[in-house]
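Biologist: I would like a close look at one part of this model before going on to the rest. Please keep to what can be computed from the coordinates and give the cut-offs as you go.

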Amino acid sequence: MIDRETAWGLLTEFTQSESLRKHALAVESCMRASARKYGTASPDDENLWGIVGLIHDFDYERWPSLDDHPYKGNEILKQRGWPEVITRAVMSHAEYSGVTRDTPMEKALFACDELAGFITAVALIKPSKSLAEVDVKSVRKRMKDKAFARKVNRDDIINGAAALGVDLDEHIALCIEAMKGIADKLGLEGAAKPA
């Protein structure tokens with residue numbers, strides 16, 4: 001099995017953008033929380049789900065077009081001997097790839113990807129730019145505002161939770177809490193309060 005250090009090395013080799021690296025970390029944290037809640041809860045399971053979240057977009061910075069992403073990344077993963085459970089999950093997160101989402105991990109990746117980006121966007125408009133101020137209600141309110149974070153596909157967020165078989169509000173709460181755990185790495189811990 002691939003370890004996290006190898007996955008991080010792959011991500012940083014192909015992704016220089018700090019915001020894309022932070023997105024990868026956010027999705028990883030949501031995937032680890034999802035593994036604990038929806039998976040088998042074994043440490044190996046959590047690590048696998050986390051790695052899939054971390055690398056799912058590793059090729060996006062170099063090959064952002066629908067013709068290339070995640071296909072180019074998938075070729076690289078296969079060339080480097082990554083296991084099929086990971087390459088298939090990465091392919092399945094792209095709606096247009098034609099790869100179905102069959103396992104709980106594949107469904108979780110789709111359910112976490114757009115949502116993690118959206119939660120980040122909600123945090124960034126808060127006065128403190130902190131995840132501490134983000135809750136389910138604020139995320140749901142912003143989802144209704146089509147002008148806000150318009151590149152985020154709301155249908156993917158809604159359909160992702162539905163395919164996973166979980167309540168949308170519950171899934172949003174899970175991801176917010178997961179991301180709060182790494183708020184410092186995401187640059188979303190907010191300004192320090194005066195003593």
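Biologist: Which residues of α5 are buried?

Modeller: This is a predicted model, in which local features need pLDDT of at least 70 and side-chain atom pairs count only at pLDDT 80 or more, while totals for chains, interfaces and linings use all residues. Residues are numbered from 1 along each chain as its sequence is written, and side-chain values use heavy atoms, with hydrogens and water left out.

In α5 (84–92), the buried residues are Ile86, Thr87, Ala89, Val90, Met91 and Ser92. Buried means under 20% relative accessible area, exposed over 50%, and partly exposed in between, with a 1.4 Å probe and protein chains only. Helices are DSSP runs (H or I, at least four residues), as strands are (E, at least two), numbered from the N terminus. The buried residues of α5 pack against α3 (43–55), α4 and α6, where contact means heavy atoms within 4.5 Å.

Ile86 of α5 turns up again in the largest nonpolar core, which has 60 residues. Such a core is a set of buried Ala, Val, Leu, Ile, Met, Phe, Trp, Tyr and Cys residues joined through side-chain atoms within 4.5 Å. The members that touch the most other members are Met31, Ile55, Trp82, Ile86, Ile119, Leu131 and Val139. The largest share of this core, 12 residues, comes from α6. In soluble globular proteins, nonpolar side chains tend to be buried together.

Ile119, a core residue, touches Leu131, Val134, Val139, Ile172, Cys175, Ile176 and Met179 when residues up to four places away in sequence are not counted. Two of these partners, Leu131 and Val139, are also on the list of core members with the most such neighbours.

Ile157 in helix α8 (residues 154–164) counts as buried because its relative accessibility is 1%. Leaving aside neighbours within four places in sequence, Ile157 is in contact with Glu114, Leu115, Phe118, Met143, Val152 and Leu168. The C-alpha atoms of Ile157 and Lys180, which are 23 residues apart along the chain, are separated by 19 Å.

Glu114, a contact of Ile157, also lines the largest pocket, where Glu114 lies nearest the centre together with His23, Asp57, Asp113 and Lys151. The pocket holds about 960 Å³ of space and is lined by 31 residues. α2 (18–38) and α6 (104–124) each supply at least two lining residues, and the largest share, eight residues, is from α6. By class the lining has 15 nonpolar, eight polar and eight charged residues. On a 1 Å grid over the protein atoms alone, a pocket is an open set of points with protein on both sides within 12 Å along at least five of seven lines, a cavity is a set where a 1.4 Å probe fits but cannot get out, and lining residues have an atom within 4 Å of a point.

His23 and Asp57 from the pocket centre also line the largest cavity, along with Leu11, Thr15, Leu20 and Ala24. That cavity has a volume of about 40 Å³ (the space filled by probe spheres set on the points, which are joined across faces, edges and corners). The count comes to one cavity of 30 Å³ or more. α2 gives the largest share of its lining, three residues, and the classes are three nonpolar, two polar and one charged (Ala, Val, Leu, Ile, Met, Phe, Trp, Tyr, Cys and Pro count as nonpolar, Asp, Glu, Lys and Arg as charged, the others, Gly among them, as polar).

Arg80 lies in the loop between α4 (71–79) and α5, and Glu13 in helix α1 (residues 4–14), so the pair ties together parts 67 residues apart in sequence. Arg80 is partly exposed at 43% relative accessible area, as is Glu13 at 36%. A search of the whole structure finds 13 salt bridges (a side-chain nitrogen of Lys or Arg within 4 Å of a carboxyl oxygen of Asp or Glu).

Another salt bridge joins Glu170 and Lys37 at 3.3 Å, N to O. This pair links helix α9 (residues 168–180) with helix α2 across 133 residues of sequence. Asp169 and Arg140 meet at 2.6 Å, N to O, linking α9 to helix α7 (residues 136–144), 29 residues apart. Salt bridges that share partners also join Arg4, Glu28, Arg32, Arg36 and Glu46 into one network.
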